[in-house]
Amino acid sequence: MKTPIAKISAEQFHHIEVPGGIRLELVDGELIVSPSPRSHHSRVVIHLIGILHAHIEAHNLGQLFTELDTEFSSFDVRRPDLMFVTKEQLKKMDPDSAASSGDVELAVEVISPSSERTDRKIKFQQYAKAGIRYYWIVDPQCRTFEAYELAGESYCLQLKADGDAVVRAKPFTELAIPLQKLWWRER
């Protein structure tokens, strides 16, 4: 027998006090707990932050965020691994609250074994529906990088690369990203 669960709103979600190390998202009014990232995932996020942050700051393009609650609807709050907000979009953001999906230019998800279906299917559709212009999916296990651009109401693949390729992807086409710097290497 299933026990009915009352949905909570995004507003209620933001008042939940969560112990450190627990990652919560709100999906259709239900709390979703995600496991902590593994070392492959963490390495990719850290190195992408370094590469993107240096470029964004050098060209005064906007702001890079990680693990920021982002409202997609009254009952949906996600936390992209990384997201980029342009200078123009920053003007609309309240620095003391969650972001709105309308503020986000680029969302990046780094796939973990437990998140592949969510990142490739559910978030893929949700981010497109919310109007996020660019979506990158990085898979440390397969060593792949995929860049998508919103065309109408769905994403179109703009670039797929793997291994040690050097990529240039929107919205940072002038930035060369050497994929070899992202992947785990035995020392």
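Mentor: Just after H2, Asn60 takes a positive phi of about 50°. This is a predicted model, in which local features need pLDDT of at least 70, side-chain atom pairs count only at pLDDT 80 or more, and totals for chains, interfaces and linings use all residues. Residues are numbered from 1 along each chain as its sequence is written, and side-chain values use heavy atoms, with hydrogens and water left out. Helices (H or I, at least four residues) and strands (E, at least two) are DSSP runs, numbered from the N terminus.

Trainee: How many Å apart are the end C-alpha atoms of helix H2?

Mentor: Helix H2 covers residues 39-58, which is 20 residues. The expected span of a helix is 1.5 Å times one less than its number of residues.

Trainee: Which strands do the buried residues of H2 pack against?

Mentor: Buried means under 20% relative accessible area, exposed over 50%, and partly exposed in between (1.4 Å probe, protein chains only). The buried residues of H2 include His41, Arg43, Leu48 and Ile56. Contact means heavy atoms within 4.5 Å. The buried residues of H2 pack against S3, strand S6 (82-86), strand S8 (106-110), S9 and S13.

Trainee: At which residue does H4 bend?

Mentor: The bend at a residue is the angle between axes fitted to the seven residues ending there and the seven starting there. In H4 this angle is about 40°, and the residue is Lys123.

Trainee: Is Asp119 buried or exposed?

Mentor: Asp119 is found in helix H4 (residues 116-130). Leaving aside neighbours within four places in sequence, Asp119 is in contact with Glu109, Val110, Ile111, Phe124, Tyr135 and Ile137. Its relative accessible area is 2%, so Asp119 is buried.

Trainee: Where is Glu67, the non-glycine residue with a positive phi?

Mentor: Glu67 has a phi of about 55° although it is not a glycine. At 29% relative accessibility, Glu67 counts as partly exposed. Its place is in the loop between strand S3 (62-65) and strand S4 (70-73).

Trainee: What is the relative accessible area of Arg143?

Mentor: Arg143 is found in the loop between strand S9 (134-139) and strand S10 (144-151). Arg143 has a positive phi of about 55° and is not a glycine. Arg143 is partly exposed, with a relative accessible area of 30%.

Trainee: Is the peptide bond from Lys170 to Pro171 cis or trans?

Mentor: Pro171 lies in the loop between strand S12 (166-169) and strand S13 (172-178). The bond from Lys170 to Pro171 has omega near 10° and is cis.
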